[in-house]
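Hi,

Here is the structure I promised to pass on. Have a look at it first, and then read my notes below.

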Amino acid sequence: MEIVDILLSASFWAAAIRIASPLIFATLGELICERAGVLNLGIEGIMVAGAFAGWMAVYSGTGLWVGVGVAMLVGMLFGLLHSFLTVPFGLSQHVVGLGVTLLATSSTYYAYRLALPEVTSPPKIEAFQPYEIPFLSDIPLFGPALFAQTPFTYLAFVLVFVVALILYRTPLGLAVRAAGENPAAVAAQGLSVTAIRMGAVIVGSGFMAMGGAFLTMSAFDSFFFEMVNGRGWICIALVVFGSWRPGKALLGAILFAAFDALQIRVQQTGFGAEIPYQIFLMMPYILSIVALVVMSRRAEVPAALMVPFNKGER
Amino acid sequence: MGKVEALRLNAITKRFGGLTANDAVSFGVDQGEVVALLGENGAGKTTLMNILFGQYTADSGTVEVFGQALPPGNSRAALDAGVGMVHQHFTLADNLTVQENITLGAEPLFSPRLNRAGARARIAALSEKFHLAVSPDARVGNLSVGERQRVEILKALYRDVRILILDEPTAVLTPQETDALFATLRQATANGLSIIFISHKLHEVMAIADRVVVLRHGKLVGGARTEDTDTQALAAMMMGLEATPPNVAPANPGAALLELEDVSTPDIGSAPGLKSVSLALRAGQIIGLAGVSGNGQAAMADVLGGLRSPATGRIVLGGEVVQRWTPRDAVQSGIARIPEDRHKTGTIADFDLTENAILERYKGVPFSKGGWLNWRKSRGFAEEIIRKYDVRCPGADTPIRLLSGGNMQKLILGRVLEADPQVILANQPVRGLDLGAVNYVHGQLLEARGHGAAVLLISEDLDEIMALSDVIHVIAEGRLSPGFVRGEKTPAELGLWMAGQGFDARIPHAS
């Protein structure tokens, strides 16, 4: 059976992890925002902006990690805009989020045309190269899949661990979670709900931009229009799928990516040639929807998600 | 022994729009003293405490803690100075554990990790010392109201508060829980804690406080040591007149207006449904439904109000079996509802008083015609309710969330009674209201009875049931006792029924 062969091949899992990496960054970013009580629909646009900013920085001569930092910074700026409008002003998180997505996307294309007015095909950069971790990468199946990725992918996995640690093991994480559950409880302790929520959105947006930058700096080596292609929206679903928990969200991202990697390979099998390829393109999305429906029945939504908090109001 | 003054409020004034909530209020609290802050709903008690705790900023006046002035509008500073507050509406996060709720904000935000073992030991020690038993790993959402309050108090004690503000702490407690709370508070004052106890329950104030200060319409109108005063004097001070409970004349029951015949509904989670319940609501009669909360009262109110359909059995309206029974049918049949939770199901917080006043009847004349709302008539109606029912507010275009609970309830009462209803379903109509408002609501219900309305009074307060009801039924695990006429049973006998004794064993038991 061809599908079994695919599932047992290291290259398949390596591809799945690679496809999952940008999703992991952006899903973590969205998760942080939502844990603090803010839905950030700017994610799609912020990923586009991050993809461009990181790539452009490297193209202009900075190092790769500096490029990642630039992307993160650009994301944080959009996060600042988003949180400024949604937190102290309490504007609709849906409207602001979609507005940030439109603004970030269009201003990115604008910046692209300003920077490269005459170019028909975008230039390539020297992207992150896979780094095989000694010994670990020799493990059969898992080694090549997990430990022969680019350092940018390793960072994604480290971040999952760090975010989980901060959320569950530090006073700061507790305050962030409480801000998403009952902001009045945070305010009653004399902490600033505004500062906590804005901080979460800004940091979260930075992660989203890193997810975008992964596309241009690790998965590919160039910037294309439409390259984010709805990944941001997938990440919003992945947060729900993961019940707002970093570990589960990581599994969700890998699961989705595995479906995606699988459909490409199944298309090339004899069985796949019989069926219109659009069916395969749909597959990861359909399976995600099914998984989402199953998982989210038990999900614990942050109680104050999308509820603005105004001090002194009753 | 020289008394140390723990707290002093100096001429605090606070206005909300056109409403003066606090008018130059000054008083002090000594160390180890319990001061009760007494006043009707809307008298400005909660506002005053929110200023003290830095959640509101006063328009003028200062707060001093142990001689040090507190910066205004800064809860952090109030906490650091040792002021803790247990709000009437708890500030707990349901999805977090007890320990997480207690430690939230207690450690510097950027310390590298939570000291969970240390926090745990400290919570255990405090629980032990003050008899506040809670499990640190329980999810707060799963706790009872009494347990949540213990968490709130622990939260304050955990921060070494020197002054503890309790806003209406007994409003949600059973008598046993209240006794336990008082024991805890006595223990705390013996350790030098000062307490401000906000309440409008006079006997509780007399039981726990050393001294009472009374607020009326935002002004401090008097104060006394509890040993030098009595409940009557306090009530008079609080309300500005001698309070009298309603004088109940014998009922004159007429025809059955709304009946349940052998109605059952399924249980919902742990909340029991009705079990073969038959009940007749008669014109000119108040029926009291007594019982411990969560024994089917919600199902009863929902079925009568059209929110829930019976699985078996019939609803009979004016002698005829009804086929369809939706909330709209109920309202149009002259059934008025005073819902249990005025915030959740009684009003829409961000709507103004006018919109809330016409919520149940906006669809017909006079409030709308041909699909268009008539705002002039609607506003006139709201203003009439405001005037007749003494709803204290800046005006009919105020969002209802800005009103105190008592004033909100007065608007609901007006909305209900002005529709001239045949049947009134009053579910906990006086919960959280002060004595003046309680007597007012009770008086209105009796007056409606006098006009021939059938009233169902659902309450967990047996005194209220016994004072008002012509016939009392007890509900326990969804089963309904026979009706007992006024004076037939003593509170102790009713208590046995409430505990589930005396029911016919053949009626299926909740399983």
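In chain B, β6 (83-86) and α5 each supply at least two residues of the lining of the largest cavity; helices (H or I, at least four residues) and strands (E, at least two) are DSSP runs, numbered from the N terminus. The largest share, three residues, comes from α5(B). The lining includes Ala188(A) and Gln189(A), along with Phe53(B), Leu79(B), Glu152(B) and Arg159(B). By class it divides into five nonpolar, three polar and three charged residues, where Ala, Val, Leu, Ile, Met, Phe, Trp, Tyr, Cys and Pro count as nonpolar, Asp, Glu, Lys and Arg as charged, and the others, Gly among them, as polar. About 80 Å³ of space lies in this cavity, and the whole structure has four cavities of 30 Å³ or more.

A word on terms: on a 1 Å grid over the protein atoms alone, a cavity is a set of points where a 1.4 Å probe fits but cannot get out, while a pocket is an open set with protein on both sides within 12 Å along at least five of seven lines; lining residues have an atom within 4 Å of a point. Grid points are joined across faces, edges and corners, and a volume is the space filled by probe spheres set on the points.

Please keep in mind that this is a predicted model: local features need pLDDT of at least 70, side-chain atom pairs count only at pLDDT 80 or more, and totals for chains, interfaces and linings use all residues. Residues are numbered from 1 along each chain as its sequence is written, chains are lettered from A and ligands numbered from 1 in the order in which they are written, and side-chain values use heavy atoms, with hydrogens and water left out.

Next, the second largest pocket, which has a volume of about 580 Å³. Its lining has 28 residues, and Ile19(A), Leu215(A), Ala219(A), Phe220(A) and Arg231(A) lie nearest its centre. From chain A, α2 (10-35), α10 (193-219), α11 and α12 each supply at least two lining residues, with the largest share, five residues, coming from α2(A). The lining has 19 nonpolar, five polar and four charged residues.

Thr189(B), at 15% relative accessibility, is in contact with Gly32(B), Val34(B) and Ile195(B), leaving aside neighbours within four places in sequence; contact means heavy atoms within 4.5 Å.

Finally, two backbone details. Ser243(A) has a positive phi of about 50° although it is not a glycine, and is found in the loop between α11 (231-241) and α12 (246-267) of chain A. Asp262(B), in strand β11 (residues 256-264) of chain B, has a positive phi of about 55°.

Best wishes

Key
Buried < 20%, exposed > 50% of the residue type's maximum accessible area, 1.4 Å probe, protein only.
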